[in-house]
Amino acid sequence: MVTDLFIENDTIKIRHVHRGGIWQFEAIIDVEQREVYLLMTHDNLKTLQKRFKAHGYCHHYLFSLLLLNPESISVQQSLFQLDEDETKARQKDCDNILGEFAGQIDRVYVAAFDYAEQAAAGGAIYLLDQNGATIESKDISDMLLDQEETSEKDSLGTDPVKRHSESTPLVKLKTKKA
């Protein structure tokens, strides 16, 4: 569905990243701003941040991609210095994930959402450091629209999307008025 929304957009590209036999995720790439956006739940993000903090290393794709973000300024993080092989493995994974966009990305952001009855109830955009600690966040809950009351023309996007079958979007955002 995300791919369909941006199919005609030259600025936003969707990279389908296969991880393992049946699992994949989509990286939303803004080629002009040199940024990647990843979607996940708040629960998953918090679990990963705890794992990063406790172990100092993780094989999750988020940890690899965070190598592109600012370095940690926290003294506590110095306890978990990665050796050169781990850093090389992280860089290689990052390049594999980004594919043709490797070397073209400066920042990775996480868009995390809370759900109630399979509808997005709240969300925020996070900028994390290389070790997964939050540098800054912006609450975007006020941009979420009630899926029952939002038409296609009121959600983000300019042209209606032609779909083979009708599906309910996971998240709809309000358009910002200038």
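These legends walk through several close-up views of a predicted model. Residues are numbered from 1 along each chain as its sequence is written, and side-chain values use heavy atoms, with hydrogens and water left out. Because the model is predicted, local features need pLDDT of at least 70 and side-chain atom pairs count only at pLDDT 80 or more, while totals for chains, interfaces and linings use all residues.

**View 1. The whole fold, to get our bearings.**
The protein has 4 helices and 6 strands, where helices (H or I, at least four residues) and strands (E, at least two) are DSSP runs numbered from the N terminus. Along the sequence they follow the pattern α-β-β-β-α-α-α-β-β-β. Of the 178 residues, 37% are buried; buried means under 20% relative accessible area, exposed over 50%, and partly exposed in between, with a 1.4 Å probe and protein chains only. The protein exposes about 11,400 Å², and carbon and sulfur atoms supply 49% of that area. These areas come from the Shrake-Rupley method with a 1.4 Å probe, and for residues only the protein chains shown count as cover. Taking contacts between residues at least 6 apart in sequence, 55% join residues at least 24 apart; contact here means heavy atoms within 4.5 Å.

Strands β2 (23-30) and β3 (35-41) pair in the antiparallel sense over 4 bridges; two strands pair if DSSP finds at least two bridges between them. Zoom in on I28 and you will find Y37 of β3 as its bridge partner. The hairpin leaves 4 residues between the strands, and R34 in the turn has a positive phi of about 60 degrees. β3 also pairs with β4, this time in the parallel sense, over 7 bridges. Here M40 stands opposite A112 in β4.

**View 2. β5 between two antiparallel partners.**
Strand β5 spans residues 119-128 and is mostly covered, with 7 of its 10 residues buried. With β4 (residues 107-116), β5 pairs in the antiparallel sense over 8 bridges, and A119 in β5 is the bridge partner of A116. That hairpin has 2 residues between its strands, and E117 in the turn shows a positive phi of about 55 degrees. With β6 (residues 134-139), β5 pairs in the antiparallel sense over 5 bridges, and L128 stands opposite T134 in β6. The hairpin of β5 and β6 has 5 residues between the strands, and G132 takes a positive phi near 95 degrees.

**View 3. The nonpolar cores.**
In soluble globular proteins, nonpolar side chains tend to be buried together. A nonpolar core is a set of buried Ala, Val, Leu, Ile, Met, Phe, Trp, Tyr and Cys residues joined through side-chain atoms within 4.5 Å. The largest such core has 28 residues, of which V36, L38, L45, L62, L65 and V110 touch the most other members. β2, β3, α2 (42-55), α3 (61-65), α4, β4 and β5 each supply at least two residues of this core. The most come from α3, which gives 4 residues. A second, separate core of 6 residues includes A111, F113, A120 and I140. Back at V110, leaving aside neighbours within four places in sequence, the contacts are L38, M40, L45, L62, A124, I125, Y126 and L128.

D93 sits in helix α4 (residues 84-98). Is D93 buried or exposed? D93 counts as buried because its relative accessibility is 17%. The D93 side chain makes a polar contact with the side chain of S64 at 2.7 Å. A polar contact is a pair of N or O atoms within 3.5 Å; within protein, one must be able to donate a hydrogen and the other to accept it, and residues adjacent in sequence count only if both atoms are side-chain atoms. Leaving aside neighbours within four places in sequence, D93 is in contact with R19, Y61 and S64.

R15 is found in strand β1 (residues 12-19). R15 and E100 are 85 residues apart along the chain, and their C-alpha atoms are separated by 9.4 Å. Beyond neighbours within four places in sequence, R15 contacts F25, E26, A27, I29, N96, I97, L98, G99, E100 and F101.

**View 4. Two cysteines, C58 and C94.**
C58 is buried, at a relative accessible area of 7%. C94 counts as buried too, because its relative accessibility is 0%. The structure holds 0 disulfides, a disulfide being a pair of cysteine sulfur atoms within 2.5 Å.
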